[in-house]
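Colleague: Please take a close look at one part of this model, the packing of its helices, and describe it in order.

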Amino acid sequence: MFFTIPRAAKLVAAISLGMAAAAPLAACTKAPEKAAVPAAPAPLPLPTTLLEVMRASVEIPADGIWAAQSAEKLEDPDWLLAEQDSIDLANAATLMTLATTGAKDAEKQVNADFHNWAAEIQKTAGVLRDAAKAKDQMKLGMAADHLTDTCQACHDKYRPEIPSDGVSRYPFYPARERKK
Ligand code: HEC
């Protein structure tokens, strides 16, 4: 007798059981209550001018890349340094586009072509990184040439006051010998 529950009653039992099981689920899918997760702190501002970013953060790794490009043979530590330089350059490209503190920086940075040249530096840094990982000096050389062209293109428009002979090496900070 106990086991001969009519089908319809079984069905009802199953449905109500199912609903009971579904109830907590439904509660979970409700829009989450606004609370608890604290807002991430704002990123730190850049405390330097675009000129300082160029001299310290762009020129130095670019110079490392050009040195690797013209080296006769690169040993493993040289490839690692080229990889490091490519990472610094990729990050420096982002710095070019952030709010720097120079009085005339923003009026340059708001332009689409300025932004595109910075993006091209970052893209090229990615190719340089791949080349360094693959220890492919031909690839590194081609990307390094494209890097020079990109620096030059932006300087021609946004730094025209200085007659450009390409991009001068260590215009401000002295060269640091890389230990082998
Ligand atoms: C998106 C534009 C842009 C790109 C790309 C760019 N630069 Fe610059 N660079 C500038 C501007 C603008 C200045 C001048 C800033 C000022 O004087 O306030 C400058 C200045 C410099 C200076 C300072 C020169 C001095 O007077 O001491 C160096 C060095 C430099 N850039 C190197 C490079 C190198 C190397 C690359 C490529 C790897 C590069 N830049 C790519 C915009 C760019």
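Modeller: This is a predicted model. Helix α3, residues 76-97, packs against helix α5, residues 112-134, with the axes 8 Å apart and at an angle of about 165 degrees. Angles over 145 degrees count as roughly antiparallel, and α3 and α5 are therefore roughly antiparallel to each other. The crossing in which α3 passes α5 is left-handed. On the α3 side, the residues that make the contact include W79, A82, I87, L89 and M96. On the α5 side, H115, A118, I121, L128 and R129 are among them. By class, this contact of α3 with α5 has 13 nonpolar, six polar and three charged residues.

Helix α5 also packs against α6. Their axes come within 9 Å and cross at roughly 165 degrees. α5 and α6 are therefore roughly antiparallel to each other. Here too the handedness can be stated: α5 passes α6 in a left-handed crossing. From α5, the contact includes F114, W117, I121, V127 and L128; from α6, L140, H146, L147, C154 and Y158 are among the residues involved. The contact of α5 with α6 divides into 14 nonpolar, three polar and four charged residues.

The ligand comes next. It is surrounded by 24 residues, and the closest are M54, A62, C151, C154 and Y158. Helices α2 (50-70), α5 and α6 (137-158) each supply at least two residues of this shell, and α2 gives the most, with seven. By class, the shell has 17 nonpolar, three polar and four charged residues. C154 and Y158, listed with the closest residues to the ligand, also belong to the contact of α5 with α6.

Methods: Residues numbered from 1 in each chain as written. Predicted model: local features only at pLDDT ≥ 70, side-chain atom pairs only at ≥ 80, totals over all residues. Axes fitted to C-alpha atoms, helices over the stretch in contact; angles between N-to-C directions. Helix = DSSP H or I, 4+ residues; strand = E, 2+ residues; numbered from the N terminus. Parallel < 35°, antiparallel > 145°, perpendicular 65-115°, else oblique. Left-handed = near helix turned anticlockwise from the far one by under 90°. Contact = placed C-beta atoms within 7 Å. Nonpolar A, V, L, I, M, F, W, Y, C, P; charged D, E, K, R; others polar. Near = placed C-beta within 6 Å.
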